[in-house]
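Welcome, and thanks for taking a look at this protein.

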Amino acid sequence: MSKLLNITTLGQLKQSGYVSRSVKDELRANLITQLQKKEGGFEGIVGFEDTVIPDLQTAILSRHNILLLGLRGQAKTRIARLLVNLLDEYVPYIAGSELFDDPLAPISWFGHNTIEANGDDTAIAWVHRSERYTEKLATPDVTVADLIGDVDPIKAATMKLTYSDERVIHFGLIPRAHRGIFVINELPDLQARIQVSLFNILQERDIQIRGFKLRLPLDLQFVFTANPEDYTNRGSIVTPLKDRIESQILTHYPRSVEISRKITQQEALLSPEQRKNVEADGLVKDMIEQIAFEARASEYIDKKSGVSARLTISAYENLISNAERRMIINGESNTFVRISDFLGVIPAITGKIELVYEGELEGPGKVANILIGKAIKTMMLQFFPDPEKAKKAKAPNPYAEIINWFGDGNSIALVDGLPAQEYKKLLNAVPGLKDLVKKFHPRLSENQSLLLQEFILHGLAEFSQLNKGFLDNGFAFSDMFNSLFNLQPDDDDLDIDDDRY
(Lines give C-alpha, C1' and ligand atoms only; values in the text may rest on other atoms or scores of the structure.)
Protein backbone atom coordinates (compact mmCIF):
# COMPACT_ATOMS: atom_id res chain seq x y z
CA MET A 1 0.00 0.00 0.00
CA SER A 2 2.88 2.40 0.74
CA LYS A 3 4.06 1.99 -2.87
CA LEU A 4 0.58 2.79 -4.17
CA LEU A 5 0.42 5.99 -2.12
CA ASN A 6 3.48 7.25 -4.00
CA ILE A 7 1.50 7.15 -7.26
CA THR A 8 0.43 10.67 -8.22
CA THR A 9 -0.71 10.45 -11.87
CA LEU A 10 -3.19 8.41 -13.86
CA GLY A 11 -0.39 7.01 -16.03
CA GLN A 12 1.48 5.67 -13.01
CA LEU A 13 -1.73 4.15 -11.68
CA LYS A 14 -2.32 2.27 -14.95
CA GLN A 15 1.28 1.02 -15.01
CA SER A 16 0.98 -0.30 -11.45
CA GLY A 17 -1.74 -2.69 -12.59
CA TYR A 18 -4.22 -1.25 -10.08
CA VAL A 19 -7.76 -2.53 -10.64
CA SER A 20 -10.64 -0.51 -9.24
CA ARG A 21 -13.72 -2.25 -7.86
CA SER A 22 -17.11 -1.21 -6.54
CA VAL A 23 -17.75 -0.50 -2.87
CA LYS A 24 -19.83 -3.64 -2.50
CA ASP A 25 -17.09 -5.72 -4.11
CA GLU A 26 -14.57 -4.16 -1.72
CA LEU A 27 -16.72 -5.04 1.28
CA ARG A 28 -17.29 -8.56 -0.03
CA ALA A 29 -13.61 -9.27 -0.81
CA ASN A 30 -12.34 -7.89 2.50
CA LEU A 31 -15.01 -9.80 4.43
CA ILE A 32 -14.00 -13.03 2.70
CA THR A 33 -10.38 -12.40 3.71
CA GLN A 34 -11.50 -11.69 7.27
CA LEU A 35 -13.55 -14.89 7.44
CA GLN A 36 -10.72 -16.96 6.00
CA LYS A 37 -8.35 -15.63 8.64
CA LYS A 38 -11.05 -16.24 11.27
CA GLU A 39 -10.71 -12.67 12.44
CA GLY A 40 -13.48 -11.27 14.62
CA GLY A 41 -14.45 -8.02 12.97
CA PHE A 42 -17.17 -5.76 14.39
CA GLU A 43 -15.13 -5.03 17.52
CA GLY A 44 -17.19 -3.97 20.51
CA ILE A 45 -20.41 -5.62 19.29
CA VAL A 46 -21.38 -8.14 21.97
CA GLY A 47 -24.22 -10.67 21.93
CA PHE A 48 -24.83 -10.70 18.17
CA GLU A 49 -22.22 -13.35 17.28
CA ASP A 50 -24.81 -16.02 16.44
CA THR A 51 -27.66 -13.82 15.24
CA VAL A 52 -27.13 -10.37 13.73
CA ILE A 53 -23.49 -10.67 12.61
CA PRO A 54 -24.01 -13.83 10.45
CA ASP A 55 -27.02 -12.15 8.78
CA LEU A 56 -24.97 -9.02 8.18
CA GLN A 57 -22.10 -11.01 6.68
CA THR A 58 -24.51 -12.84 4.41
CA ALA A 59 -25.94 -9.52 3.18
CA ILE A 60 -22.46 -8.18 2.46
CA LEU A 61 -21.50 -11.31 0.55
CA SER A 62 -24.70 -10.85 -1.46
CA ARG A 63 -23.81 -7.20 -2.18
CA HIS A 64 -27.09 -6.06 -0.64
CA ASN A 65 -28.21 -2.72 0.68
CA ILE A 66 -29.11 -3.24 4.33
CA LEU A 67 -31.88 -2.20 6.73
CA LEU A 68 -31.09 -2.70 10.44
CA LEU A 69 -34.44 -2.94 12.21
CA GLY A 70 -34.68 -2.93 15.98
CA LEU A 71 -35.67 -1.07 19.13
CA ARG A 72 -33.60 1.77 20.55
CA GLY A 73 -30.23 1.01 22.09
CA GLN A 74 -29.51 -2.13 20.04
CA ALA A 75 -26.19 -0.93 18.50
CA LYS A 76 -27.63 -0.37 15.02
CA THR A 77 -25.64 2.79 14.34
CA ARG A 78 -22.47 1.32 15.80
CA ILE A 79 -22.74 -1.68 13.47
CA ALA A 80 -23.18 0.64 10.50
CA ARG A 81 -20.11 2.66 11.48
CA LEU A 82 -17.98 -0.47 11.85
CA LEU A 83 -18.67 -1.45 8.23
CA VAL A 84 -16.11 1.13 7.15
CA ASN A 85 -13.38 -1.22 8.45
CA LEU A 86 -14.20 -3.60 5.60
CA LEU A 87 -13.33 -1.01 2.95
CA ASP A 88 -9.88 -0.84 1.35
CA GLU A 89 -7.60 1.33 3.45
CA TYR A 90 -6.93 3.79 0.60
CA VAL A 91 -8.42 4.25 -2.87
CA PRO A 92 -7.35 6.71 -5.60
CA TYR A 93 -9.48 9.55 -6.90
CA ILE A 94 -9.04 12.41 -9.35
CA ALA A 95 -7.48 15.24 -7.36
CA GLY A 96 -9.97 18.07 -6.82
CA SER A 97 -13.09 16.00 -7.55
CA GLU A 98 -15.95 16.68 -5.13
CA LEU A 99 -17.43 13.26 -5.93
CA PHE A 100 -14.13 11.38 -5.41
CA ASP A 101 -14.19 10.26 -9.04
CA ASP A 102 -12.46 6.96 -9.73
CA PRO A 103 -9.56 7.81 -12.12
CA LEU A 104 -10.31 4.62 -14.07
CA ALA A 105 -14.09 5.20 -14.18
CA PRO A 106 -15.03 8.89 -13.72
CA ILE A 107 -18.72 9.80 -13.50
CA SER A 108 -18.84 13.61 -13.12
CA TRP A 109 -18.37 16.42 -15.63
CA PHE A 110 -15.23 17.43 -13.73
CA GLY A 111 -13.80 13.90 -13.88
CA HIS A 112 -14.44 13.38 -17.57
CA ASN A 113 -13.19 16.85 -18.51
CA THR A 114 -10.03 16.59 -16.41
CA ILE A 115 -8.99 13.25 -17.92
CA GLU A 116 -9.87 14.45 -21.42
CA ALA A 117 -7.66 17.54 -20.92
CA ASN A 118 -4.71 15.92 -19.12
CA GLY A 119 -4.78 12.25 -20.11
CA ASP A 120 -2.23 10.13 -18.23
CA ASP A 121 -0.87 13.25 -16.55
CA THR A 122 -4.11 13.66 -14.61
CA ALA A 123 -3.23 14.22 -10.95
CA ILE A 124 -4.64 11.70 -8.52
CA ALA A 125 -4.86 11.63 -4.74
CA TRP A 126 -5.71 8.94 -2.21
CA VAL A 127 -8.61 8.92 0.23
CA HIS A 128 -8.62 6.95 3.48
CA ARG A 129 -11.56 4.67 4.24
CA SER A 130 -12.53 6.77 7.28
CA GLU A 131 -13.47 9.58 4.86
CA ARG A 132 -15.69 7.31 2.81
CA TYR A 133 -18.44 7.10 5.42
CA THR A 134 -21.41 9.48 5.38
CA GLU A 135 -24.22 9.46 7.93
CA LYS A 136 -27.48 11.40 7.97
CA LEU A 137 -30.06 11.43 10.73
CA ALA A 138 -33.50 11.44 9.15
CA THR A 139 -35.63 14.28 10.45
CA PRO A 140 -38.92 15.66 9.09
CA ASP A 141 -37.16 18.75 7.73
CA VAL A 142 -34.74 16.85 5.46
CA THR A 143 -35.23 17.87 1.82
CA VAL A 144 -34.46 16.32 -1.55
CA ALA A 145 -31.85 19.06 -2.00
CA ASP A 146 -30.08 17.90 1.18
CA LEU A 147 -29.84 14.31 -0.02
CA ILE A 148 -29.70 14.53 -3.81
CA GLY A 149 -28.85 18.12 -4.74
CA ASP A 150 -30.25 21.24 -6.37
CA VAL A 151 -29.43 23.98 -8.88
CA ASP A 152 -27.10 26.58 -7.38
CA PRO A 153 -27.93 30.02 -8.87
CA ILE A 154 -24.89 31.61 -7.20
CA LYS A 155 -22.61 29.11 -8.91
CA ALA A 156 -24.34 29.79 -12.23
CA ALA A 157 -23.89 33.54 -11.84
CA THR A 158 -20.28 33.30 -10.66
CA MET A 159 -19.21 30.93 -13.43
CA LYS A 160 -21.47 32.66 -16.00
CA LEU A 161 -23.23 29.41 -16.88
CA THR A 162 -26.75 28.76 -18.11
CA TYR A 163 -29.11 26.73 -15.99
CA SER A 164 -28.92 23.94 -18.57
CA ASP A 165 -25.22 23.39 -17.78
CA GLU A 166 -24.52 20.42 -15.54
CA ARG A 167 -21.91 22.41 -13.64
CA VAL A 168 -24.56 24.58 -11.93
CA ILE A 169 -25.68 21.59 -9.86
CA HIS A 170 -24.81 21.58 -6.16
CA PHE A 171 -24.67 17.91 -5.24
CA GLY A 172 -26.27 16.66 -2.01
CA LEU A 173 -24.98 14.18 0.54
CA ILE A 174 -25.67 11.03 -1.46
CA PRO A 175 -23.70 11.93 -4.63
CA ARG A 176 -20.89 13.23 -2.41
CA ALA A 177 -20.81 9.82 -0.71
CA HIS A 178 -19.93 8.20 -4.08
CA ARG A 179 -17.57 5.23 -3.61
CA GLY A 180 -18.44 5.00 0.07
CA ILE A 181 -20.99 3.90 2.66
CA PHE A 182 -24.07 6.06 3.12
CA VAL A 183 -26.15 5.60 6.28
CA ILE A 184 -29.61 7.04 6.98
CA ASN A 185 -30.58 6.69 10.63
CA GLU A 186 -34.26 6.46 11.64
CA LEU A 187 -35.45 6.02 8.05
CA PRO A 188 -39.22 6.13 8.86
CA ASP A 189 -38.83 9.73 10.03
CA LEU A 190 -38.13 10.78 6.44
CA GLN A 191 -41.21 12.19 4.75
CA ALA A 192 -42.71 9.84 2.17
CA ARG A 193 -41.89 12.15 -0.75
CA ILE A 194 -38.23 12.19 0.34
CA GLN A 195 -38.19 8.39 0.55
CA VAL A 196 -39.53 8.28 -3.01
CA SER A 197 -36.50 10.26 -4.19
CA LEU A 198 -34.32 7.30 -3.18
CA PHE A 199 -36.05 4.83 -5.53
CA ASN A 200 -33.91 5.45 -8.60
CA ILE A 201 -30.67 5.58 -6.67
CA LEU A 202 -31.28 2.18 -5.13
CA GLN A 203 -32.51 0.51 -8.30
CA GLU A 204 -31.08 2.28 -11.37
CA ARG A 205 -28.29 4.21 -9.63
CA ASP A 206 -29.22 7.51 -11.23
CA ILE A 207 -30.46 10.79 -9.76
CA GLN A 208 -32.90 13.46 -10.86
CA ILE A 209 -32.28 17.13 -10.09
CA ARG A 210 -34.62 19.87 -11.30
CA GLY A 211 -35.22 18.36 -14.72
CA PHE A 212 -31.59 17.47 -15.51
CA LYS A 213 -31.28 14.18 -17.35
CA LEU A 214 -28.42 12.86 -15.24
CA ARG A 215 -27.37 9.25 -15.15
CA LEU A 216 -24.57 9.22 -12.65
CA PRO A 217 -23.73 5.57 -11.96
CA LEU A 218 -23.23 6.20 -8.24
CA ASP A 219 -21.28 3.52 -6.41
CA LEU A 220 -22.73 3.27 -2.91
CA GLN A 221 -23.37 0.86 -0.07
CA PHE A 222 -26.61 1.97 1.59
CA VAL A 223 -27.30 1.13 5.22
CA PHE A 224 -30.58 2.20 6.84
CA THR A 225 -31.62 1.94 10.47
CA ALA A 226 -35.18 1.97 11.74
CA ASN A 227 -37.19 1.39 14.90
CA PRO A 228 -40.34 -0.77 14.52
CA GLU A 229 -42.17 1.68 16.81
CA ASP A 230 -41.83 4.31 14.09
CA TYR A 231 -43.95 2.25 11.71
CA THR A 232 -47.03 3.05 13.78
CA ASN A 233 -46.27 6.13 15.89
CA ARG A 234 -44.46 8.64 13.73
CA GLY A 235 -43.92 7.45 10.19
CA SER A 236 -43.33 4.43 8.05
CA ILE A 237 -41.10 3.16 5.28
CA VAL A 238 -42.96 3.34 1.98
CA THR A 239 -43.48 -0.12 0.51
CA PRO A 240 -41.58 0.39 -2.79
CA LEU A 241 -38.54 1.58 -0.84
CA LYS A 242 -38.61 -1.46 1.47
CA ASP A 243 -38.85 -3.59 -1.66
CA ARG A 244 -35.62 -2.06 -2.98
CA ILE A 245 -33.65 -2.72 0.24
CA GLU A 246 -32.53 -6.27 -0.31
CA SER A 247 -31.71 -7.39 3.27
CA GLN A 248 -33.62 -6.50 6.43
CA ILE A 249 -31.75 -7.58 9.55
CA LEU A 250 -33.45 -7.73 12.94
CA THR A 251 -31.43 -6.65 15.99
CA HIS A 252 -32.30 -7.52 19.58
CA TYR A 253 -31.43 -6.82 23.21
CA PRO A 254 -28.88 -8.97 25.12
CA ARG A 255 -30.36 -12.36 25.84
CA SER A 256 -28.54 -13.00 29.12
CA VAL A 257 -27.37 -11.01 32.12
CA GLU A 258 -23.78 -12.06 31.37
CA ILE A 259 -23.83 -10.52 27.89
CA SER A 260 -25.60 -7.40 29.12
CA ARG A 261 -23.03 -7.01 31.89
CA LYS A 262 -20.18 -7.33 29.42
CA ILE A 263 -21.68 -4.53 27.29
CA THR A 264 -22.15 -2.26 30.31
CA GLN A 265 -18.62 -2.78 31.59
CA GLN A 266 -17.27 -2.13 28.11
CA GLU A 267 -19.22 1.08 27.54
CA ALA A 268 -19.38 2.70 31.00
CA LEU A 269 -17.26 5.84 31.21
CA LEU A 270 -15.49 5.67 34.56
CA SER A 271 -12.47 7.71 35.60
CA PRO A 272 -9.28 5.91 36.68
CA GLU A 273 -9.93 7.20 40.22
CA GLN A 274 -13.40 5.65 40.25
CA ARG A 275 -12.09 2.30 39.05
CA LYS A 276 -9.34 2.36 41.65
CA ASN A 277 -11.20 3.67 44.70
CA VAL A 278 -14.74 2.29 44.30
CA GLU A 279 -15.14 -1.47 44.53
CA ALA A 280 -18.13 -2.93 42.68
CA ASP A 281 -18.93 -6.56 43.43
CA GLY A 282 -20.33 -8.90 40.78
CA LEU A 283 -23.65 -8.89 42.65
CA VAL A 284 -24.28 -5.18 42.09
CA LYS A 285 -23.09 -5.40 38.47
CA ASP A 286 -25.58 -8.19 37.80
CA MET A 287 -28.32 -6.31 39.64
CA ILE A 288 -27.91 -3.36 37.28
CA GLU A 289 -28.46 -5.68 34.31
CA GLN A 290 -31.36 -7.44 36.02
CA ILE A 291 -33.13 -4.07 36.38
CA ALA A 292 -33.16 -3.77 32.57
CA PHE A 293 -34.47 -7.33 32.17
CA GLU A 294 -37.23 -6.63 34.71
CA ALA A 295 -38.08 -3.40 32.87
CA ARG A 296 -38.44 -5.20 29.53
CA ALA A 297 -40.91 -7.59 31.14
CA SER A 298 -42.74 -5.01 33.27
CA GLU A 299 -46.44 -4.35 32.81
CA TYR A 300 -45.77 -0.68 33.57
CA ILE A 301 -43.44 -0.11 30.61
CA ASP A 302 -44.25 0.11 26.90
CA LYS A 303 -42.65 -2.96 25.31
CA LYS A 304 -42.93 -1.49 21.81
CA SER A 305 -40.68 1.36 22.88
CA GLY A 306 -38.07 -0.94 24.39
CA VAL A 307 -35.54 -0.42 27.16
CA SER A 308 -32.24 0.78 25.77
CA ALA A 309 -28.87 -0.69 26.73
CA ARG A 310 -28.01 2.91 27.58
CA LEU A 311 -30.15 2.49 30.72
CA THR A 312 -27.75 0.00 32.30
CA ILE A 313 -24.69 2.00 31.23
CA SER A 314 -26.00 5.23 32.76
CA ALA A 315 -27.28 3.39 35.83
CA TYR A 316 -23.91 1.76 36.46
CA GLU A 317 -22.10 5.09 36.10
CA ASN A 318 -24.55 6.64 38.60
CA LEU A 319 -24.10 3.71 40.98
CA ILE A 320 -20.33 4.15 41.08
CA SER A 321 -20.63 7.93 41.37
CA ASN A 322 -23.09 7.66 44.26
CA ALA A 323 -20.63 5.52 46.21
CA GLU A 324 -17.79 7.88 45.27
CA ARG A 325 -19.80 10.88 46.52
CA ARG A 326 -20.26 9.21 49.92
CA MET A 327 -16.56 8.36 50.05
CA ILE A 328 -15.56 11.98 49.35
CA ILE A 329 -18.03 13.44 51.90
CA ASN A 330 -16.84 11.04 54.61
CA GLY A 331 -13.18 11.69 53.84
CA GLU A 332 -12.49 8.03 53.05
CA SER A 333 -9.78 6.85 50.66
CA ASN A 334 -11.85 4.02 49.19
CA THR A 335 -15.27 2.45 49.43
CA PHE A 336 -17.50 -0.22 47.93
CA VAL A 337 -20.93 -0.09 46.34
CA ARG A 338 -23.82 -0.83 48.71
CA ILE A 339 -27.37 -1.81 47.93
CA SER A 340 -28.51 1.55 49.33
CA ASP A 341 -26.49 3.20 46.53
CA PHE A 342 -29.17 2.02 44.11
CA LEU A 343 -31.18 5.08 45.14
CA GLY A 344 -28.66 6.93 42.97
CA VAL A 345 -29.58 5.00 39.82
CA ILE A 346 -33.23 6.11 39.85
CA PRO A 347 -32.52 9.23 37.73
CA ALA A 348 -30.85 7.00 35.13
CA ILE A 349 -33.96 4.81 34.95
CA THR A 350 -36.77 7.37 34.95
CA GLY A 351 -35.58 9.13 31.81
CA LYS A 352 -35.14 5.96 29.78
CA ILE A 353 -38.46 4.17 30.18
CA GLU A 354 -41.72 4.85 28.35
CA LEU A 355 -44.61 4.16 30.70
CA VAL A 356 -48.00 2.77 29.72
CA TYR A 357 -51.16 4.04 31.44
CA GLU A 358 -50.69 1.85 34.53
CA GLY A 359 -47.11 3.06 34.84
CA GLU A 360 -48.16 6.69 34.55
CA LEU A 361 -50.54 6.15 37.47
CA GLU A 362 -47.66 4.86 39.59
CA GLY A 363 -45.18 7.53 38.47
CA PRO A 364 -41.67 7.01 37.05
CA GLY A 365 -39.95 7.15 40.44
CA LYS A 366 -42.25 4.52 41.91
CA VAL A 367 -41.81 2.30 38.85
CA ALA A 368 -38.02 2.64 39.13
CA ASN A 369 -38.18 1.51 42.76
CA ILE A 370 -40.41 -1.41 41.77
CA LEU A 371 -37.89 -2.49 39.13
CA ILE A 372 -35.02 -2.33 41.62
CA GLY A 373 -37.07 -4.36 44.07
CA LYS A 374 -37.86 -7.02 41.48
CA ALA A 375 -34.18 -7.23 40.54
CA ILE A 376 -33.28 -7.79 44.19
CA LYS A 377 -35.94 -10.49 44.49
CA THR A 378 -34.66 -12.31 41.41
CA MET A 379 -31.02 -12.08 42.51
CA MET A 380 -31.89 -13.20 46.07
CA LEU A 381 -32.79 -16.68 44.80
CA GLN A 382 -29.38 -17.00 43.14
CA PHE A 383 -27.45 -16.32 46.35
CA PHE A 384 -29.65 -17.61 49.20
CA PRO A 385 -32.57 -20.02 49.82
CA ASP A 386 -36.07 -18.91 48.87
CA PRO A 387 -37.43 -17.14 52.01
CA GLU A 388 -41.00 -18.21 51.21
CA LYS A 389 -40.08 -21.88 50.88
CA ALA A 390 -37.82 -21.67 53.94
CA LYS A 391 -40.74 -20.34 55.97
CA LYS A 392 -42.98 -23.26 54.99
CA ALA A 393 -40.33 -26.00 55.16
CA LYS A 394 -40.09 -28.42 58.08
CA ALA A 395 -36.35 -27.79 58.36
CA PRO A 396 -35.18 -24.85 60.52
CA ASN A 397 -35.68 -21.50 58.79
CA PRO A 398 -32.21 -19.97 58.14
CA TYR A 399 -33.77 -16.51 58.35
CA ALA A 400 -35.65 -17.09 61.62
CA GLU A 401 -33.11 -15.42 63.96
CA ILE A 402 -33.01 -12.28 61.78
CA ILE A 403 -36.79 -12.02 61.43
CA ASN A 404 -37.35 -12.66 65.15
CA TRP A 405 -34.92 -9.88 66.10
CA PHE A 406 -36.95 -7.41 64.11
CA GLY A 407 -40.11 -8.97 65.55
CA ASP A 408 -38.91 -7.97 69.02
CA GLY A 409 -39.31 -4.33 68.02
CA ASN A 410 -35.81 -3.65 66.72
CA SER A 411 -35.15 -1.67 63.54
CA ILE A 412 -32.19 -0.22 61.64
CA ALA A 413 -31.85 2.69 59.21
CA LEU A 414 -29.27 2.43 56.43
CA VAL A 415 -28.91 5.94 55.10
CA ASP A 416 -26.91 6.92 52.04
CA GLY A 417 -24.09 8.78 53.80
CA LEU A 418 -23.18 6.26 56.52
CA PRO A 419 -19.41 6.07 57.10
CA ALA A 420 -17.93 2.61 56.64
CA GLN A 421 -17.55 1.86 60.35
CA GLU A 422 -21.11 2.87 61.22
CA TYR A 423 -22.44 0.85 58.28
CA LYS A 424 -20.50 -2.19 59.50
CA LYS A 425 -21.63 -1.68 63.11
CA LEU A 426 -25.30 -1.47 62.17
CA LEU A 427 -25.28 -4.62 60.05
CA ASN A 428 -23.27 -6.68 62.55
CA ALA A 429 -25.78 -5.69 65.27
CA VAL A 430 -28.45 -7.82 63.58
CA PRO A 431 -28.12 -11.33 65.13
CA GLY A 432 -27.64 -14.17 62.65
CA LEU A 433 -27.05 -11.89 59.64
CA LYS A 434 -23.29 -12.28 59.43
CA ASP A 435 -23.47 -16.01 60.21
CA LEU A 436 -26.03 -16.57 57.46
CA VAL A 437 -23.72 -14.99 54.87
CA LYS A 438 -20.78 -17.04 56.13
CA LYS A 439 -22.83 -20.24 55.97
CA PHE A 440 -23.70 -19.91 52.29
CA HIS A 441 -20.67 -17.88 51.12
CA PRO A 442 -17.73 -18.71 53.37
CA ARG A 443 -14.93 -17.28 51.21
CA LEU A 444 -15.73 -13.61 50.99
CA SER A 445 -13.86 -10.44 51.80
CA GLU A 446 -15.21 -8.22 54.57
CA ASN A 447 -16.67 -5.76 52.04
CA GLN A 448 -18.43 -8.56 50.14
CA SER A 449 -19.79 -9.97 53.38
CA LEU A 450 -21.22 -6.61 54.44
CA LEU A 451 -22.77 -6.12 51.00
CA LEU A 452 -24.52 -9.50 51.23
CA GLN A 453 -25.70 -8.73 54.76
CA GLU A 454 -27.46 -5.62 53.49
CA PHE A 455 -28.66 -7.57 50.45
CA ILE A 456 -30.37 -10.14 52.70
CA LEU A 457 -32.36 -7.40 54.43
CA HIS A 458 -33.54 -6.00 51.09
CA GLY A 459 -34.30 -9.52 49.86
CA LEU A 460 -36.37 -10.41 52.93
CA ALA A 461 -38.30 -7.18 52.46
CA GLU A 462 -39.07 -8.07 48.83
CA PHE A 463 -40.37 -11.46 50.00
CA SER A 464 -42.55 -9.68 52.59
CA GLN A 465 -40.61 -11.08 55.56
CA LEU A 466 -39.49 -7.63 56.71
CA ASN A 467 -40.78 -4.11 56.21
CA LYS A 468 -38.63 -1.72 54.14
CA GLY A 469 -39.44 1.94 54.53
CA PHE A 470 -38.14 4.63 52.19
CA LEU A 471 -36.29 7.48 53.85
CA ASP A 472 -35.25 10.64 52.04
CA ASN A 473 -31.70 9.31 51.80
CA GLY A 474 -31.88 5.58 52.48
CA PHE A 475 -33.94 2.73 53.86
CA ALA A 476 -35.25 1.63 57.26
CA PHE A 477 -35.96 -2.02 58.10
CA SER A 478 -38.41 -3.17 60.74
CA ASP A 479 -40.83 -5.98 61.55
CA MET A 480 -43.46 -6.49 58.87
CA PHE A 481 -46.51 -6.72 61.13
CA ASN A 482 -45.54 -4.21 63.81
CA SER A 483 -44.94 -1.58 61.14
CA LEU A 484 -48.42 -2.09 59.72
CA PHE A 485 -50.09 -1.59 63.10
CA ASN A 486 -47.84 1.16 64.43
CA LEU A 487 -47.61 3.49 61.41
CA GLN A 488 -48.74 6.99 62.33
CA PRO A 489 -50.33 9.30 59.72
CA ASP A 490 -47.91 12.09 60.62
CA ASP A 491 -44.77 9.97 60.54
CA ASP A 492 -42.37 12.11 58.49
CA ASP A 493 -39.29 9.96 58.89
CA LEU A 494 -40.59 6.73 57.46
CA ASP A 495 -43.14 6.46 54.68
CA ILE A 496 -43.40 3.12 52.94
CA ASP A 497 -45.86 4.49 50.40
CA ASP A 498 -43.68 7.31 49.13
CA ASP A 499 -40.45 7.62 47.20
CA ARG A 500 -38.03 10.42 46.44
CA TYR A 501 -39.64 11.28 43.10
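What follows is a tour by topic, from the domains down to single residues.

Please keep in mind that this is a predicted model. The domain assignment of the protein gives two parts, domain 1 (10–250) and domain 2 (257–486). Their centres, taken over C-alpha atoms, are separated by 48 Å.

**Where the two domains meet**

- Nine residues from domain 1 and 15 residues from domain 2 take part in the contact.
- The size of an interface is often given as the accessible area lost when the parts come together.
- Here, domain 1 and domain 2 bury about 990 Å² between them, and 46% of that is on carbon and sulfur atoms.
- On the side of domain 1, Val46, Arg72 and Gly73 lose the most area to domain 2, together making up 59% of what that side buries.
- Five residue pairs are in polar contact across the interface of domain 1 and domain 2, with both residues of each pair at pLDDT 80 or more.
- The count of salt bridges between domain 1 and domain 2 is one.

**Salt bridges to look up**

- Arg78 pairs with Glu267, with the closest N and O atoms 2.6 Å apart.
- Because Arg78 lies in helix 5 (residues 76–82) and Glu267 in helix 14, this pair ties together parts that are 189 residues apart in sequence.
- Arg78 is partly exposed, at 35% relative accessibility.
- Arg326 and Asp341 also meet through their side chains in a salt bridge, at 2.5 Å from N to O.
- Arg326 is in helix 17 and Asp341 is in the loop between strand 11 (335–336) and helix 18, so the pair links parts 15 residues apart in sequence.
- Both partners count as buried, since the cut-off is under 20% relative accessible area: Arg326 is at 2%, and Asp341 is at 0%.
- Glu446 forms a salt bridge with Lys424, the closest N and O atoms being 2.5 Å apart.
- Since Glu446 belongs to helix 25 and Lys424 to helix 23 (residues 420–428), the pair ties together parts 22 residues apart in sequence.
- Glu446 is partly exposed, with a relative accessible area of 47%, and Lys424 is partly exposed too, with 26%.

**Two helices to follow**

- Helix 20 (residues 364–383) has 20 residues and reaches 29 Å from its first C-alpha to its last, close to the 28 Å expected at 1.5 Å a residue.
- Among the buried residues of helix 20 are Gly365, Leu371, Ile376 and Met380.
- The cover over the buried residues of helix 20 includes helix 16, helix 19 (357–362), helix 25 and strand 13 (466–471).
- Helix 25 (residues 446–462) has 17 residues, which should span 24 Å at 1.5 Å a residue; its end C-alpha atoms are 25 Å apart, which agrees.
- Helix 25 is mostly covered, with 13 of its 17 residues buried.
- Just after helix 25 comes Ser464, which takes a positive phi of about 60 degrees.

**Loop residues with a positive phi**

- Most residues other than glycine have a negative phi.
- Phe42 has a positive phi near 50 degrees and sits in the loop between helix 3 (23–36) and helix 4 (52–61).
- Phe42 is buried, with a relative accessible area of 9%.
- Glu186 has a positive phi near 55 degrees, and its place is the loop between strand 7 (180–185) and helix 10 (192–196).
- Glu186 is partly exposed, with a relative accessible area of 23%.

- Thr251 is in the loop between strand 9 (247–250) and helix 14 (257–267), and it is buried, with a relative accessible area of 10%.
- The side chains of Thr251 and Gln74 are joined by a polar contact of 2.6 Å.
- Leaving out residues up to four places away in sequence, Thr251 touches Phe48, Val52, Leu69, Gly70, Gln74 and Lys76.
- Lys304 is in the loop between helix 16 (282–297) and helix 17 (309–329), and it counts as exposed at 53% relative accessibility.
- Beyond its neighbours within four places in sequence, Lys304 is in contact with Leu71, Asn227 and Glu229.

Conventions: Residues are numbered from 1 along each chain as its sequence is written. This is a predicted model: local features need pLDDT of at least 70, side-chain atom pairs count only at pLDDT 80 or more; totals for chains, interfaces and linings use all residues. Side-chain values use heavy atoms; hydrogens and water are left out. Helices (H or I, at least four residues) and strands (E, at least two) are DSSP runs, numbered from the N terminus. The expected span of a helix is 1.5 Å times one less than its number of residues. Buried means under 20% relative accessible area, exposed over 50%, partly exposed in between (1.4 Å probe, protein chains only). Domain bounds come from an automatic or database domain assignment. Contact means heavy atoms within 4.5 Å. Buried area is the accessible area (1.4 Å probe) that two parts lose on being put together, summed over both. A salt bridge is a side-chain nitrogen of Lys or Arg within 4 Å of a carboxyl oxygen of Asp or Glu. A polar contact is a pair of N or O atoms within 3.5 Å; within protein, one must be able to donate a hydrogen and the other to accept it, and residues adjacent in sequence count only if both atoms are side-chain atoms.
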